[in-house]
Amino acid sequence: MTAPLSIQAGASVPAPSRPGEALVRIEALEKIYSTRDRGNIHALSDIHLDVAPGEFLTIVGPSGCGKSTLLKILAGILKKTSGQVRVANAELYGPNRDLGVVFQAPVLLPWKSVIDNVLVPAKVQKLDMGQARTRARELLEMVGLSGFQDRYPGELSGGMQQRVGICRALIHKPKFLLMDEPFGALDAMTREQMNLELMRIWKEQEATILLVTHSISEAVFLADRVVVMSPRPGRIAEIMPVDLPRPRNLEMFNTPVFGKHVGAIRRHFQSEGGID
Amino acid sequence: MAATDTAPAAVPAPSTADPVRATRWSESRALSPLLLVAMLLLWEALIHLFDVPAIVVPTPSAVAVAMWEGIASGLFWPHFLVTLWEIIAGFGIGSVVGIALGVLIGLSPLMERLVYPYVVAFQTLPKVAIAPIIVIWFGYGISSKIIITATIAFFPLLANTIVGLRSAPREQVEMLEACTANRWQIFRMIRLPQALPYIFVGLDVAVVLSVIGAIVGEFVGAKAGLGYLILQKNFSFDMAGVFAILIILSLIGVGLHLLVVAIQRRVLFWSEAHANSVTGA
């Protein structure tokens, strides 16, 4: 059940956070999918991870390393097989009001206007709609969409839709923001702009973010710590603190420190048989 | 003609593209009535040419006269109202029952296994065959026609509601689940709106079938209605009168269909499905 080697691999990198104050604490998390034709798939094996309040954590890894699975378990929409997940000192059983989720696709409801889409979690959680509406306007203004609140998703570009999705994830002031490859579908230019915008939102909202990505450079650019995962079974290969100063800017992509981090992560995947 | 067609293609300005498309559209709209006029003229000519007796096929002009007389004398009006009411009431009841049962079956796998086989079995019964029974049970008045119409209208809505409720994308449901939504909220905020395009397709099919339902009911046994009037005219060999009533029935069907399409356009402004639906007009 426990694999001592990977525990050591996970524990060998000390987390900068103080363990007692972790916002999210994951211990010995396992996920096994049973499929009809291919037997059991060990999607997550012995995951240990602490996330400190206010931390920006990215998860990077090749396809099938279980990074999306981990995120879905944290979001409460997928059942874990065993282990423990605690958010804000409470055992996580299902979807949680302290969480906001941004998905790979914007997943907006086409029959609702932009502002009504942002208000969906507030409506579901029966929050004060007057206050929520004010906050929705503020959030839309923050992402530069204030003139679009009465438009419909079909009238928006992909990047704009994803920004609406981010506003929706923030509307109920979640303590913890989960993002599953949120910029994967965007072109490189838009993606860089969205990265900068996300860091601004992170500072402004004092959020804690866990972001899953395919892109090594995006993972390094955004993170306080990069969680490197490897597949079959999905496990944490390394947790790498990023020592780039903040605020960060696009010039940092060309610095030696940045290159060193990217190189270190890439070597991981080369020894594991390559990313994708 | 060719010059106006090719000129905008050479000019890349996007503003000129729209008016061109608009003229082409109106041209295609005018084609359909033109075809009708041509057919009517041909019809009239053929009957005169081959000296077809009026009790077999009437001339279009005779039909027009019969139509005018039926309307002017006030003969058609009460029958028109009776049939229209049968159609609308039957369509309404059938739709409500179909949607309600569809929601029940669509949301509960247990209900599907329990009820759906019987619903399908009932659907395979030809409604024309059970119409006489319904007339015996509910009499020669309006209520038996409404019930026959409802039994015909209900199935398209049932089937489309079930499929529609299951069409909600998984990501949308997961998104709402992650916001701590319960089953009822997921139904109201995602499954039902996602089912609406399917439900409207069902309504469109059902409204046209409802005209058939009402007429079938009246054929089996009735005291009033356009179907009843058709039988009367048929017995007295008034072919022009029969054709006039057929035109009225067709207009009722087209009118109700256009009404459904108009409502659909307003409600489903967000959906791509309505752009693909068959308008036929």
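Just after helix 10 of chain B, B:Phe237 has a positive phi of about 55°; helices (H or I, at least four residues) and strands (E, at least two) are DSSP runs, numbered from the N terminus. The model is predicted: local features need pLDDT of at least 70, side-chain atom pairs count only at pLDDT 80 or more, and totals for chains, interfaces and linings use all residues. Residues are numbered from 1 along each chain as its sequence is written, while chains are lettered from A and ligands numbered from 1 in the order in which they are written.

In helix 10 (residues 226-235) of chain B, the buried residues are B:Leu226, B:Gly227, B:Tyr228, B:Leu229 and B:Ile230. Buried means that 20 or more other C-beta atoms, placed from the backbone, lie within 10 Å of the residue's own. Their cover includes the helices tabulated here.

| Covering helix of chain B | Residues |
|---|---|
| helix 4 | 76-107 |
| helix 9 | 183-220 |
| helix 11 | 239-267 |

Elsewhere in chain B, the axes of helix 6 (residues 127-138) and helix 7 (residues 142-165) come within 9 Å and cross at roughly 150°. Axes are lines fitted to C-alpha atoms, for helices over the stretch in contact, with angles from 0 to 180 degrees between N-to-C directions. Among the residues that meet are B:Ile134 and B:Phe138 of helix 6 and B:Ile147 and B:Ile148 of helix 7. The contact residues divide into seven nonpolar, three polar and one charged.

Between the chains, the contact takes 19 residues from chain A and 13 residues from chain B, contact being C-beta atoms, placed from the backbone, within 7 Å. Helix 4 of chain A gives the largest share of chain A's side, three residues.

Conventions: Two residues are in contact if their C-beta atoms, placed from the backbone, lie within 7 Å. Ala, Val, Leu, Ile, Met, Phe, Trp, Tyr, Cys and Pro count as nonpolar, Asp, Glu, Lys and Arg as charged, and the others, Gly among them, as polar. A residue is buried if 20 or more other C-beta atoms lie within 10 Å of its own, exposed if 12 or fewer, and partly exposed in between; C-beta atoms are placed from the backbone.
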